[in-house]
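Colleague: I'd like to learn how to read the features of a fold. Could you walk me through one?

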Amino acid sequence: MHTSHDHLPLRRLGLAAAGSVVLLGIAAGPAAAHAEVSASDPRALAENVTLSFTSEAESDSAGITELRVVLPQGIAPDAVTLKEAPENWKLTATPDGFSVGGAALATGTDAEYSITVRQLPDAKSLAFKTLETYGDGKVSRWIEVPADGQKVDNPAPLLKLQPAAPGAKPIAPGPSPTPTPAPAPSAPTTQPSSTAPSAPAASPDARQANAAGSGSGNGVVVAVVAAVLVLGGAGAFRWTRRRRQS
């Protein structure tokens with residue numbers, strides 16, 4: 001007759017087998033994301049938002065030297081500034097995003113940094129495709145964006161956004177300054193130097209002298225004409241008288 005003690009080894013074997021199945025299931029399941037992002041204000045159209053990134057180290061032989069990120073649509077490279085990063089790491093804008101890097105981190109050290117974004121776009125989620133470069137040249141690509149909730153092997157850091165705050169609007173770019181037209185040259189107020197200056201006006205005394213001179217000149221002419229007429233008349237009278245006498 002079997003007692004309860006006889007079934008104890010069988011129960012232990014069953015529990016051990018079940019535990020092994022659970023461990024195998026966990027090991028075979030999808031790996032957790034190795035690059036993540038979070039926001040200080042995860043709302044659409046939020047302004048001056050701090051985005052914090054974490055990239056887990058995967059290499060056992062080299063440290064991370066650079067992280068290159070492709071920005072999602074609606075965030076321009078010039079709208080991003082570096083807030084915090086590993087010592088001596090710098091941010092450099094790229095045509096489609098930015099890169100953050102510098103001296104290699106210690107092997108096994110995660111890369112953590114944060115940026116400030118002028119404004120988040122009006123969207124439901126933002127994917128930040130990331131390339132991790134290590135000191136030995138190895139590159140890890142976290143660039144896959146899951147569709148319809150499907151799981152992917154190398155997911156990009158994904159930020160889910162809440163609806164925009166009431167009254168939030170996209171920041172309009174500042175108007176470019178309008179150049180002020182140069183004033184048209186004014187017409188010269190003085191005559192060109194080639195024009196002869198007008199004669200100065202005569203003073204009253206000079207006008208009187210000129211008038212007097214003109215009057216005396218006219219009187220002389222009249223006197224001469226009268227004398228000629230008198231002499232001529234006298235000569236004619238004498239000539240007529242002589243002819244009569246003869």
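Colleague: What pattern does the protein chain follow, read along the sequence?

Modeller: Bear in mind that this is a predicted model: local features need pLDDT of at least 70 and side-chain atom pairs count only at pLDDT 80 or more, while totals for chains, interfaces and linings use all residues. Residues are numbered from 1 along each chain as its sequence is written, and side-chain values use heavy atoms, leaving out hydrogens and water. Helices (H or I, at least four residues) and strands (E, at least two) are DSSP runs, numbered from the N terminus. Here the protein chain reads α-β-β-β-β-β-β-β-β-β-β-β-α, with two helices and eleven strands.

Colleague: How many bridges join β2 and β7?

Modeller: Eight: β2 (residues 47–55) and β7 (residues 111–119) pair in the antiparallel sense. Valine 49 stands opposite valine 117 in β7.

Colleague: And what about glutamate 56: where does it lie?

Modeller: Glutamate 56 sits in the loop between β2 and β3 (64–70). Its relative accessibility is 31%, so it counts as partly exposed; buried means under 20% relative accessible area, exposed over 50%, and partly exposed in between (1.4 Å probe, protein chains only). Its C-alpha atom is separated by 6.5 Å from that of alanine 111, although the two are 55 residues apart along the chain.

Colleague: In what order do the strands of the five-strand sheet come?

Modeller: That open sheet runs β5-β6-β3-β9-β10, with antiparallel pairing. At its edges are β5 (90–94) and β10 (139–142), each pairing on one side only. The twist there averages 15 degrees from one strand to the next. Five bridges join β5 to β6 (residues 97–101), and the two run antiparallel. Phenylalanine 98 in β6 is the bridge partner of alanine 93.

Colleague: What share of the residues counts as buried?

Modeller: Of the 246 residues of the protein chain, 22%.

How values were computed. Pairing = 2+ DSSP bridges. Axes fitted to C-alpha atoms, helices over the stretch in contact; angles between N-to-C directions.
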